[in-house]
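Please keep the sequence and the model in view while working through the points.

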Amino acid sequence: MRPRVKRQIMTGSRFNGSEDFVSNSNVVVPNDLSAFWMPFTANRQFKKAPRMFVAAKDMHYTTSDGRQVLDGTAGLWCVNAGHARPKIVEAIAKQAAELDYAPAFQMGHPKAFELANRIVDIAPKGLDHVLFTNSGSESVETALKVALAYHRVKGDGARSRLIGRERGYHGVNFGGISVGGIVTNRKMFGTLLTGVDHMPHTHNLSKNAFSKGLPEHGVDLADELERIVTLHDASTIAAVIVEPVAGSTGVLIPPAGYLKRLREITKKHGILLIFDEVITGFGRLGTPFGADYFGVTPDIMVTAKGLTNGVIPMGAVLVSSEIHDAFMDGPEHVIEFFHGYTYSGNPVASAAGLATLETYKDEDLLTRGAALAPVWQDALHSLKGEPHVIDIRNIGLVGAIELEPIAGSPTKRAFSAFLKCFEDGYLIRTTGDIIAMSPPLIISESQIGELIDGVRSALRSIA
Ligand code: PXG
């Protein structure tokens, strides 16, 4: 047996003792952190000085040493209704006791159908059918496969190319990293999908720094799609996938008019437009979906995260009737689309999704961000002139603060800000040298002020 590596646990206020599990204010914390290879985490750094949450309620987390941390990121952009909301908690418990699992293939259960209907009710008009998944990454793969198969069932199988965008994030599976545009997420993993091309990203600090809302310059970047179409010919292109607002790579907000132009170009050439709304979905921009914010309806919409408030993993891919109906052909006993997951529409996830959508409705959370956006914008932009700040950008309840990197040590400055904020009781996210924030949509105006002041104080104290 492999000898278990015992981590020297932290002494002092955080953790005490040296057993396998240590207790602090009735909270049990594991002592050996080596087995869990953590995702997208600096594992060695984390395990030397762990940051553990042990509870959460509404806008706050509780750390293992009993501190309250204001959630400036809705977990990872998913806890849109805030933490431990009673309706959701109750629905999950009840569903697990009543019907814990039902086979997803060739069998059904009512709540999956009900949830699909409720999603369609709030979705942009024309997106009338839902495929369920368990994550944003799976939703992306599902969307890309639907797009390819759609052209094929229509007898247009030569349309096999997929077009993404630089600095796009579409999850971590092979399709998603292929159309995605983040070099660190791609370079280790071989040749990826073939037949993929990328549009340029839209981030332009020299022209658009400190934009409030949509940047003014850069609509013409959408015309790069025309260049790509000219290069490959439209008849070889299946779909274009973009995030309405690129979240993971540091909140890159599309220039005014850009998404409308992408829609025009894709439509003109018979190319499907896929919006990856894993972050922009469910109220993040102050509208139910990014498509509503921009007045642009895609052919396929990818969602996850806020669908279940982050509580139970679930994603949903919405498609137009035109796409769905193209598959409903041939003998009726034959499976129409060879794709799906053991947990597609899982009963407990469906119950969580229904309770989440009810909570959004009860509290008007899918549009609350619009009312708060001006307060959020003013608070964020009050950080202009603070140390290291080279850009601030915002849309809905999303904000980013870009910092001047430390020469020779990119990412270090923003990470120091993250650590300092955590120490002071604020949870933010960083990507590169960009601080990104996306609080739960229940945040109060005074909590916005508190969060921004927390960031201000961190910026003033770091090198
Ligand atoms: N598409 C988009 C646009 C996303 O933002 C995914 C797909 C993948 O979802 P899953 O559920 O497979 O992780 C995402 C995920 C961050 C951060 O802090 C962003 C994501 C995940 C974790 C952290 O920027 N986005």
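1. Domain bounds here come from an automatic or database domain assignment. On that basis, the protein is divided into domain 1 (51-81 + 365-461) and domain 2 (86-362). The structure is a predicted model: local features need pLDDT of at least 70, side-chain atom pairs count only at pLDDT 80 or more, and totals for chains, interfaces and linings use all residues. Residues are numbered from 1 along each chain as its sequence is written.

2. The C-alpha centres of domain 1 and domain 2 are 26 Å apart. Across the boundary, 34 residues of domain 1 are in contact with 29 residues of domain 2; two residues are in contact if their C-beta atoms, placed from the backbone, lie within 7 Å. On the side of domain 1 that touches domain 2, two or more residues come from each of H2, H14, E13, E14 and strand E17 (434-437). Helices (H or I, at least four residues) and strands (E, at least two) are DSSP runs, numbered from the N terminus. H14 supplies the largest share of this side, nine residues. The residues of this side of domain 1 divide into 17 nonpolar, twelve polar and five charged. In this division, Ala, Val, Leu, Ile, Met, Phe, Trp, Tyr, Cys and Pro count as nonpolar, Asp, Glu, Lys and Arg as charged, and the others, Gly among them, as polar.

3. Which residues of H14 are buried? They are Leu365, Leu366, Gly369, Leu372, Ala373, Trp376, Ala379 and Leu380. A residue is buried if 20 or more other C-beta atoms lie within 10 Å of its own, exposed if 12 or fewer, and partly exposed in between, with C-beta atoms placed from the backbone. The cover over these buried residues includes helix H4 (110-122), helix H13 (347-362) and helix H16 (445-461), together with strands E13 (389-395) and E14 (398-403).

4. The ligand is surrounded by 18 residues, of which the closest are Gly136, Ser137, Gly171, Ser248 and Val278. Helix H2 (74-77), helix H5 (136-153) and strand E16 (429-431) each give two or more residues to the shell, and H5 gives the most, with three. By type, the shell has seven nonpolar, eight polar and three charged residues. The ligand lies between domain 1 and domain 2, because both give residues to the shell around it.

5. Most residues other than glycine have a negative phi. Phe282, in the loop between strand E10 (272-276) and helix H11 (290-294), has a positive phi of about 60°. Phe282 is buried, with 29 other C-beta atoms within 10 Å. Thr411, in the loop between E14 and helix H15 (412-424), has a positive phi of about 80°. Thr411 counts as partly exposed, with 17 C-beta neighbours inside 10 Å.

Notes
Near = placed C-beta within 6 Å.
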